[in-house]
Amino acid sequence: MTMLVYTLTIFALLLCCGSVVAALLNRAGDSRRAFDAAWVVAVLLFVADWVLAQAPPFGNMRHVLAFFPLVMVPAAHYLRRFRGLELTSWLAAASALALVGALCMPLQATWRQMPALQSPWFAPHVIAYVVSYGLMTVAALLTLASFRREEKLAEAGEVVRLSLPFMTFGLWSGALWADAAWGGYWAWDIKEAWSLLTWCIYLIYLHVERYSAFASWRRPLLLLGFAAVVVTFLVVNLLPRIESMHSYAQ
Amino acid sequence: MTTLLKAGLMALGAACVLLLAGAFPLLGAPEVYRSGAVLLLGAISVLLCLWGGWRLATGLRGQLICGLVFLFFTITGLNMLFLYGAKALEYAAIGGAMWAGFVGMGCVALTGVVFMAVFGFLCYRVMNKRILWLAGAHWAVALLGIGAFVDAAYEVRVPVTLPADGKTELTELFLDDGRHLPLGFRLRVDGFTVQHYDDATYTIYSFENGRPGAAQPVERRGDTLHLGAESWPVSLLKSAPGMPHPFLMLPGTPTRVLMQQPGTVRDYCARLVAFTDHRGRPETHTAELRVNSPFACKDWRFSLSSYREQNGQVEVLMQARRAPGRFAALCGMVGIIICTAAWCWWRKEEVA
């Protein structure tokens, strides 16, 4: 089963990379097909993780990183159909980054869901954050691309507007959950503080986005927001000297 | 660009700086969050949000207020559906006489659906402009801030340890500053249960001349325990008074004891009994307190934090909390979630 998990992760990663390469070769149809195939593999990976963990597989960083392609593919379809944005390859690139991260994490096959995590808020909270962080990664990649092609900055803004409600839900649903589980909706835990900081940075971006006087702020704010995402998601969890009420996510 | 927006940006920037000061992974100073600077910034932010929401809804303020009231009732309906629907399902699963409860709870849940449908439709019709949702998001932040301020000033949060002996009663809380705070009712823990995952481990402890020797881990295969050529059915292990876990005394010398170490904790639950009075008549409330299911009585909420065993007696660790701003803060959070989503995902500018 362990080999199967690694094989599926590598297979999904190759398909995501294939999607990016196909887009670079101007073969948009192939790019979409490869990304859709990656989604199928990610579903199999999710099922395998669930069987191994005997619980919804959101118990560690590898589980969460391996879940990224599962939400990025529907997001790519949504952006293309309802927002008119063809960002499949960008979402595939973000998924590939997450899968590389998943491969670097140790495979903790068994996972016992501790009592605090046995809540109806658990899955929606984690999934909302995965969607949000994945889309913010895409926004950051588009921001970097906008240094060469200006129009990518507007696309990044569109992706942020799609992503922010997920981040908002993740942040405040976590507070609602904490109110039931920890007896208080806010404890100034380091993960909470960084999540709030990340949210505030994207709020600043949304406030200045429409004003030409602040045009030069957009790129720095989007990159700063993504840096905060990385710290919130990875650094706070992986730095061994940090004590957090969210330490079960390590 | 308006002065209001500039002020809002400055407040958000200041919030980021303060958050960074406290949350820098290794050298941060979390004390900053409880400092006067954060309280002042919070007050400024609340005022800016109230003013910002008011200005954004210029000409549509009546619509905004009605829309937010309708939104509140819609969420109330949703809440009724979930709370009473879950209770109805729980009663249906028990069956028997509980079917009457299932019908009652189910009817309340259906009332919630009607609430949702009626007020959701009204909200949808009234909040028919994107800018109204943006204004609503600002007021929701203000509501959250006001609730948080009330809590910062008046919240009482006390850790409570109560033995699960069915006798010891909690009648008052002891604050850090030495004051006693009467609860206004009596609280007792009548029972405590712990469930474990099926990942128990087994060890054989040897005793020579009454002194403990080496410990040997035992492998479990199905329903049998194996150590070398020896094997024992798991069912032979029994509990006994004074022994913390199931065990089996093995025959022969030296004396050997096969002990089961419990698996990972899956869940724990304390059975609470609260003695209150309603207009002079005594009332008894019983409830199961779990980690994600706090118990509320009068103004107090009790959350289950942990438990410990001392001298064969289980002590339940809880947190008692009285937070007058909690309801406003939670409403603000839900409002932020809904209004932000509606504003960000609104596709056409002015058509509902």
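What follows is a conversation about the two chains, their folds and the contact between them.

Modeller: Please keep in mind that this is a predicted model, in which local features need pLDDT of at least 70 and side-chain atom pairs count only at pLDDT 80 or more, while totals for chains, interfaces and linings use all residues. Residues are numbered from 1 along each chain as its sequence is written, and chains are lettered from A and ligands numbered from 1 in the order in which they are written.

Colleague: How many helices and strands does chain A have, and what radius of gyration goes with them?

Modeller: Counting DSSP runs numbered from the N terminus, with helices (H or I) of at least four residues and strands (E) of at least two, chain A comes to 8 helices and 0 strands. Its C-alpha atoms fill a box of roughly 50 × 40 × 30 Å along the principal axes. The globule rule, 2.2 Å times the number of residues to the power 0.38, is compared with a radius of gyration taken over C-alpha atoms. For 250 residues the rule gives 18 Å, and chain A is as compact as a globular protein of that length because its own radius of gyration is close to that, at 18 Å.

Colleague: What percentage of chain A is buried?

Modeller: A residue is called buried if 20 or more other C-beta atoms, placed from the backbone, lie within 10 Å of its own, exposed if 12 or fewer do, and partly exposed in between. A:Tyr6, in helix H1 (residues 2-24) of chain A, is partly exposed, because 13 other C-beta atoms lie within 10 Å. Of the 250 residues in chain A, the buried share is 52%.

Colleague: Which helix gives the most to the side of domain 1 of chain A that touches domain 2 of chain A?

Modeller: The domain bounds, which come from an automatic or database domain assignment, are 1-110 for domain 1 and 114-250 for domain 2 of chain A. Taking residues as in contact if their C-beta atoms, placed from the backbone, lie within 7 Å, 17 residues of domain 1 of chain A meet 14 residues of domain 2 of chain A. Helix H3 (61-82) and helix H4 (88-104) of chain A each supply at least two residues of the domain 1 side. The one that gives the most, with 7 residues, is H3(A).

Colleague: Is chain B compact or spread out in comparison with a globule?

Modeller: Chain B has 6 helices and 14 strands. The globule rule gives 20 Å for its 352 residues, and the radius of gyration of 28 Å is well over that, so chain B is more spread out than a compact globule. Its C-alpha atoms fill a box of roughly 90 × 60 × 50 Å along the principal axes, and the part of its residues that counts as buried is 26%.

Colleague: In E7(B), which residue is the bridge partner of B:Thr224?

Modeller: Strands pair if DSSP finds at least two bridges between them, and E6(B) and strand E7 (residues 230-233) of chain B pair antiparallel over 4 bridges. They form a hairpin with 2 residues between them, where B:Gly228 in the turn has a positive phi of about 60°. B:Thr224 also stands opposite B:Arg221, while its partner in E7(B) is B:Pro233.

Colleague: Which element gives the most to the side of chain B that touches chain A?

Modeller: The contact takes 38 residues from chain B and 39 residues from chain A. The elements of chain B that each supply at least two residues include helix H1 (3-23), strand E10 (265-278) and helix H6 (326-345). The one that gives the most, with 11 residues, is H1(B).

Key. Two residues are in contact if their C-beta atoms, placed from the backbone, lie within 7 Å.
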